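Please consult the sequence and the structure shown here while reading.

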Amino acid sequence: MDIPLPPEITESEMKKCRDTGDYCPVLFEWYKYVGLIANFYASIQKESPAIKDISKIHYSILIGLLNRCSRLMLSNVALSHKGLFGETTSIIDRSIFESGIKLAWLCHKGDDDSFTRFIADGLKTELEFKKKIEANIGKRSEEKLVIENRMLASINNYIHKSELTEEQISASKKLPDMASMINVIGKDRLAYIVGQKIGSHHVHGTWVSLWFHYLEEHDDGVIHLRDHNCETHVNQYAYISLVVLDSIKTFVEYVCKGLNDIQGMTKLVVAVSEEIQKVYSEVVGSDFDMM
């Protein structure tokens with residue numbers, strides 16, 4: 001699989017951004033490219049000679065999170081290519097942010113307990129659901145319903161693939177919250193505020209979210225529904241791209257054996273990050289550190 005080629009941003013395109021004050025067209029292209037290379041790095045085979053000996057389950061979690069970032073970014077590309085659907089892309093970007101942080105946290109920790117906590121966190125709900133189904137079956141004298149058989153088979157399949165027992169899942173400690181993960185990977189509190197807290201407005205439909213995307217007040221003081229004209233914000237294209245690039249870099253540093261391999265495989269990531277930072281510095285008027 002060949003690595004995708006970066007976008008060719010011409011000086012004419014940059015001049016147009018400067019003249020109009022709209023940098024979305026250029027940062028959109030970089031956002032799309034980051035989605036593509038996230039898939040490229042997620043496709044690195046565990047059997048590659050550059051990859052260290054790592055558990056199959058652990059490796060599948062890491063590439064799964066990276067693939068999730070990639071596919072959600074490319075979904076946002078499809079949604080926002082005409083500049084709209086900002087109310088939806090902001091929700092998806094919040095999910096990308098969380099997956100990127102979890103990926104970086106797992107790579108930073110790199111121990112069995114952290115991976116077990118991640119797996120168990122997703123399965124505790126399944127266990128609760130399983131107990132409820134079995135309790136309902138126990139109240140009846142008749143055979144299991146077809147839908148109950150299907151649900152139990154699905155839950156048991158997820159548990160089997162995890163290579164954990166139900167007892168291990170139940171006994172596992174909770175995952176740390178996002179603020180704690182961000183602190184562990186060495187990011188500033190600002191990353192939590194911007195990526196998690198502000199992003200949560202759009203997921204949960206808070207007061208801020210309603211006014212940002214769904215309501216507007218007219219000159220007569222009457223509150224109306226906002227029309228379908230929500231643009232994807234320039235900050236989304238820049239910030240989420242940088243979060244995912246940082247997660248890719250952390251992934252490579254964790255899974256690769258040697259320094260030469262790490263340097264070779266992260267060279268592109270660092271260069272793309274620098275390009276995005278350079279463009280975004282024109283948007284905000286300074287070298288603003290969003291990470």
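How many disulfides does the structure hold? The model is a predicted one, and it holds zero disulfides. A disulfide is a covalent bond between the sulfur atoms of two cysteines. The criterion applied here is a pair of cysteine sulfur atoms within 2.5 Å. The sulfur of Cys17 has that of Cys24 as its closest cysteine sulfur, at 8.7 Å, and this is too far for a bond. For Cys230, the closest cysteine sulfur also belongs to Cys24, but the separation is 14 Å, which is again too far for a bond. Cys17 is buried, at 3% relative accessible area, and Cys230 counts as buried at 3% relative accessibility.

| Cysteine | Closest cysteine sulfur | Distance |
|---|---|---|
| Cys17 | Cys24 | 8.7 Å |
| Cys230 | Cys24 | 14 Å |

A further buried position is found in a helix. Ser241 belongs to helix H11, which spans residues 234-255. Its relative accessible area is 0%, so Ser241 is classed as buried. Leaving aside residues up to four places away in sequence, Ser241 touches Trp30, Tyr31, Val34, Met73, Gln236 and Ile276.

Trp207, Val208, Leu210 and Tyr214 make a nonpolar surface patch of about 400 Å². Leu210, one of these residues, is located in helix H10, residues 207-214. Is Leu210 buried or partly exposed? Leu210 counts as partly exposed because its relative accessibility is 32%, whereas Ser241 is buried at 0%.

Terms used:
Residues are numbered from 1 along each chain as its sequence is written. This is a predicted model: local features need pLDDT of at least 70, side-chain atom pairs count only at pLDDT 80 or more; totals for chains, interfaces and linings use all residues. Side-chain values use heavy atoms; hydrogens and water are left out. Patches are made of residues with over 30% relative accessible area and no salt bridge: like charges are joined within 9 Å, nonpolar side chains (Val, Leu, Ile, Met, Phe, Trp, Tyr) within 5 Å. Accessible areas come from the Shrake-Rupley method with a 1.4 Å probe; for residues, only the protein chains shown count as cover. A salt bridge is a side-chain nitrogen of Lys or Arg within 4 Å of a carboxyl oxygen of Asp or Glu. Helices (H or I, at least four residues) and strands (E, at least two) are DSSP runs, numbered from the N terminus. Buried means under 20% relative accessible area, exposed over 50%, partly exposed in between (1.4 Å probe, protein chains only). Contact means heavy atoms within 4.5 Å.
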